[in-house]
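These notebook entries record what I looked up in one structure, entry by entry. I begin with a single loop residue and then turn to strands, helices and turns in the chain.

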Amino acid sequence: MSSSTTKAFAFASIFSSHAVLQRNKPVCIFGTGTDGKEVTVTLYDKGKSILSQTHTTVTDGTWKAYLCPLDAQEDVTLTAESEGTTLSLNDIAVGEVWLAGGQSNMEFELGNCTEGPDELKQNLAPQVRFYYTPKNAWKDEAFYEAEKNSLWETSESKGKTHWSAVGYFFAKQLSQRLGVTVGVIGCNWGGTSASAWMNTERLEKDEDLRTYLTDYESATRGKSVEQQCKEYDEYVVANDAWQKKCDALYKENPQIEWDEVQKQIGKCLWPGPMGCKNPYRPSGLYECMISRIMPYTLKGFIYYQGESDDHKPAFYYKLLRELIDQWRTDWNDDTLPFLFVQLPENRYKQDKDFKNWPLIREAQKKIWQTVHNTHMTVALGLGEYNDIHPKHKKQLALRMADSALSNIYGLIEKEKNESPVLRTAVPSEDKMILYFDNAASGLTLCDDKLRTERYFKLEARQNNTVPADFSAFELAGKDKQFYPAQAQVNADGTLTLSSPHVAQPLYARYAWYNYGPVTLFGKNGIPASPFNTEC
């Protein structure tokens, strides 16, 4: 005996007036309805000519239709009709659509970044639009209400101060160079592991990635859903109160030590008890955010994440590789461009240098080297001391935009925006000769006194002695004990490293610390990616 599904006839929530549709690709339009009913989707040009029309039938309460590829255009109307009911969305643009994923540095709001206030005063670029996937990690009434009320925003919208700063500046640069409207779909959440953004099946199939699930299972074992919800709700109330006290302390004394903060107001409660309502649980935001917007037709992804996986850096290559494949599979396009940020320097003054961020950076570089149509933006030099959130977002966003304009759109020569990346290191008697990709115009060395001074202070705080000849470059022999090395740029674009401490160097590394000096650049002004030939 068959059964049918009846749902309200509607577009999926990601479709609203002011939406941006992807140009030059079949455009997927989808929504809900009653099984067996026919849906007709039509795109009108100012109420006159039909640009594209398609028919589909509702199955399992959902419908999906594809419009033929369209040229870029503005102010068109999208309609869906079923059983005499017509739904209309106005001021639809056809241009470029990118999904902005990741954690807090992608989430970081335009109104809070260094360049944001001036940008907002001057009025935002009118050819940039933004859809923020509702940030709810549990499917309750509030979840569906927020989803129902979500919409595409324009430069005139009140919510523009909350747009992703990186996403906005990225889109603005593209819109200016391409001459089309660019839409950004914000789908990010501060503090999240990449494991939150893929389904459980992806994590289960790998022994290392499965640890994200077993950690969760261990934390929730024996607890009912009701108990997990109760614990998390109580945490939210307590953490909100704690955060207000914390903000007051930092307002009174911006230089207060973190240990002193917790001494005065108690231990920080974040990220709260693990459970079914915690947004940091594995697969949680895949279910509650990513799956709610796919397969909205995209040009590609921009992604800034990795900080919250630094406790398992050895697994990060696998984790990010699976996330990329997951998203491409869900969008049914394994060629979708994936542009991502290689983490900048970062260290809080009370922390040891665990050297876990270099491992994350190395994993990110390996993704760029092994996963097709991925493009890495090196952020070294753009980090902030004692703050995981660099507030200057525009320069990084412009680097990402230039990467897209070069690698995806073919409008910029690659040499103008690519970072030098180590290709190979060759021992030569008492020296090492290093060869680089993306350095045809040459390399340059810069002094970085500020980060060097800070590095000495950070290590002194940990009672560690730093060699007087400390350098961002290091060499090691067969014992793999690294010592400071001197660097020399050669006319042929290579780099020579030498050290009086290493008679026969076999291994070389650069910027192998969480925070420290940034000294190697291409002649194009873009910093070189860190490296370690021992890895």
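**Entry 1: D60.** I looked up D60 and found that it is exposed, because its relative accessible area is 57%; buried means under 20% relative accessible area, exposed over 50%, and partly exposed in between, with a 1.4 Å probe and protein chains only. D60 sits in the loop between β5 and β6 (62-67). I noted a positive phi near 55 degrees for D60, which is a residue other than glycine.

**Entry 2: basis of the values.** I recorded that this is a predicted model, in which local features need pLDDT of at least 70 and side-chain atom pairs count only at pLDDT 80 or more, while totals for chains, interfaces and linings use all residues. Residues are numbered from 1 along each chain as its sequence is written, and side-chain values use heavy atoms, with hydrogens and water left out. Helices (H or I, at least four residues) and strands (E, at least two) are DSSP runs, numbered from the N terminus.

**Entry 3: N332.** I then looked up N332, which also is not a glycine and has a positive phi of about 55 degrees. N332 lies in the loop between α10 (316-330) and β13 (338-342). With 70% relative accessibility, N332 counts as exposed.

**Entry 4: β4 and β5.** I followed strand β4 (residues 38-45) into strand β5 (residues 49-57); the two pair in the antiparallel sense over eight bridges. Strands pair if DSSP finds at least two bridges between them. Three residues separate β4 and β5 in this hairpin, and K46 in the turn has a positive phi of about 50 degrees. Within the pairing, I found L43 opposite S52 in β5.

**Entry 5: an open sheet.** Which order do the four strands of the open sheet have? I read it as β19-β18-β22-β24, with antiparallel pairing. The edge strands, β19 (482-484) and β24 (531-532), each pair on one side only. Strand β18 (residues 473-476) pairs with β19 over three antiparallel bridges, and A476 stands opposite F482 in β19.

**Entry 6: α7 and α8.** Two packed helices are described by the angle between their axes and the distance between the axes. For helix α7 (residues 225-252) and helix α8 (residues 258-265), I noted an angle of about 130 degrees and axes 11 Å apart. Axes are lines fitted to C-alpha atoms, for helices over the stretch in contact, and angles run from 0 to 180 degrees between N-to-C directions. The two helices α7 and α8 are therefore oblique to each other; angles under 35 degrees count as roughly parallel, over 145 as roughly antiparallel, 65 to 115 as roughly perpendicular and the rest as oblique. The contact (heavy atoms within 4.5 Å) involves W242, K245, C246, L249 and Y250 of α7 and W258, V261, Q264 and I265 of α8.

**Entry 7: R451.** Is R451 buried or exposed? R451 counts as buried, because its relative accessibility is 16%. R451 belongs to helix α13 (residues 449-461). Although R451 and Y515 are 64 residues apart in sequence, I found them 7.7 Å apart in space, C-alpha to C-alpha. Leaving out residues up to four places away in sequence, R451 touches several residues, including E345, G381, Y515 and P517.

**Entry 8: cis peptide bonds.** I found a cis peptide bond joining W270 and P271, with omega about 10 degrees. P271 is in the loop between α8 and α9 (284-293). The peptide bond from M294 to P295 is also cis, with omega near 5 degrees, and P295 lies in the loop between α9 and β12 (300-304).
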